[in-house]
Structure formats: C-alpha cells, structure tokens
Amino acid sequence: MDQVESAAPNAFLRDVRAISARMHGALLDEESEGADPALVLLQSALTAEILCVWRYTMMSVSLAGLKQPRIGAEFQEQANDERRHMVAIAQRIRELGGTPDFSPHGLETRFGEFGTRADLAGLVEQNLAAEREVIGLYRRMIDHFEPHDPVTALMLTNILEEESEHATDMQDLLSIETGGHG
Ligand SMILES: [Fe+2]
Ligand SMILES: [Fe+2]
C-alpha cells in the first residue's frame, strides 16, 4: 500500500484523483450547480474511463509492451475492458436523458508521455494507484445509486468487479517487475 501511495503522481494520476475529488464534491451536492447529480456522477465515471482507455492502449503499444508481448497483451485486454465500461456509462447517460461528453475539459493527461518512460514498474504503480482510486469512486457511486436507481447501481457493480480484477492484475505485474515480493 505504501509503495502505491508513493507512486509518482504524474498527469494521469493527478487527473484520476481530481475526477474522484470532483465526484465526491458532486455527491456532497456542492458542485452539481443545478445539473442532475446522477448525470454529473456518471460523467465523472465516463471521464475516468476515457483516461483509462487512453492509458492502457498507449501502454499496450509502449516499448515495454512490445518488448514483452505478454505484458502488451495484458494491457490491450485491460484497454478493451475500459472501453466497454466507457460505452456502458455513455449509454446510461443517454438513457437518463443526458449527453455524454467525450472531450472533457481540464485534463492534464497527454498522449505523448507514455512512449518515453522505460520504468515499467513505475507506470504499473501509477496504474494500481489509479485503479484503487476508481474502485473508491465506484463504491461511493453504488452507495448513492442503489436506493433509487438499481439499474445504474447494477451496471456500476459489474464495472467495479472488473476494476478489482485490474487492481489485482497490476499488483501481480508489480510483484513480478519489482522482484517477486508481495
Ligand atoms: Fe474501467
Ligand atoms: Fe480499470
């Protein structure tokens, strides 16, 4: 846990944490500003998923991924999961009468940063920290939706299950990359 909490907070991780913090604000009804809180929450999740699709797709074709095809394939599989999450959430936003925003403002993450970093363990540490942030985000959202919107709550529960698997996968990869501990 300490190792992950100390993961270098690059732009991706800062973005994920900022989304989570904004979502928490929306849950406390501080930042909805008249908008439907359900749509504000789902848009937060959509933005997080868009970032995860970018992140894992880039990592699947990164130098580390290409040098170790098994790792590249693992990231591709995760990117596919995140894409399914992204689509499910966007469809739910539509069903609830909203418009999913696929170009969210204020993100720091840029595509260019992924090809240059050779330290795979560091990247995986950031992924693990991000997955844990997203898991917390979905848990809080499920608590919010469960009493009045079981359809959305069920969708989020299914996504949460896969995010937990991602965290486990990242943890396993991290133990391999850092020499078999944990
Ligand atoms: Fe996801
Ligand atoms: Fe994930």
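Predicted model: local features only at pLDDT ≥ 70, side-chain atom pairs only at ≥ 80, totals over all residues.

Residues are numbered from 1 along each chain as its sequence is written, chains are lettered from A and ligands numbered from 1 in the order in which they are written, and side-chain values use heavy atoms, with hydrogens and water left out.

**The metal site**

Donors here are N, O and S atoms within 2.8 Å of the metal (3.2 Å for Na, K and Ca); water is not among the atoms, so sites may look incomplete.

The protein donors of the iron ion (ligand 2) are Glu82 (OE), Glu131 (OE), Glu131 (OE), Glu163 (OE) and His166 (ND1), lying 2.0 to 2.4 Å from it. Their sequence spacing reads E-x48-E-x31-E-x2-H.

Now display helix 5 (residues 69-95), where Glu82 and His85 are three residues apart and thus separated by about one helical turn. Helices (H or I, at least four residues) are DSSP runs, numbered from the N terminus. Helix 7 (residues 150-177) holds Glu163 and His166, also three residues apart and separated by about one helical turn. An α-helix has 3.6 residues a turn, so residues three or four places apart point the same way.

Are Glu82 and His85 buried or exposed? Both are buried. The term buried means under 20% relative accessible area, exposed over 50%, and partly exposed in between (1.4 Å probe, protein chains only). Glu163 is buried at 0% relative accessible area, and His166 is buried at 1%.

**Helix 2**

Move to helix 2 (residues 11-27). At 1.5 Å a residue, its 17 residues should span 24 Å, and the end C-alpha atoms are 24 Å apart, which agrees. The expected span is 1.5 Å times one less than the number of residues. Buried residues of helix 2 include Phe12, Leu13, Val16, Ile19 and Met23. The buried residues of this helix pack against helix 3 (37-60) and helix 6 (120-145), contact being heavy atoms within 4.5 Å.

**A loop position**

Select Thr109, in the loop between helix 5 and helix 6. Thr109 is buried, with a relative accessible area of 1%. Leu51 is 58 residues from Thr109 in sequence and 7.8 Å from it in space, C-alpha to C-alpha.

**Salt bridges**

The whole structure contains six salt bridges, each a side-chain nitrogen of Lys or Arg within 4 Å of a carboxyl oxygen of Asp or Glu. Show Arg17 and Glu133 first, whose closest N and O atoms are 3.7 Å apart. Arg17 lies in helix 2 and Glu133 in helix 6, so this pair ties together parts 116 residues apart in sequence. Arg17 is partly exposed at 30% relative accessibility, as is Glu133 at 23%.

Finally, select Asp149 and Arg92, whose side chains meet in a salt bridge (3.3 Å, N to O). Asp149 is in the loop between helix 6 and helix 7, and Arg92 is in helix 5, 57 residues apart. Both Asp149 and Arg92 are buried.

Note on methods. Helix = DSSP H or I, 4+ residues; strand = E, 2+ residues; numbered from the N terminus.
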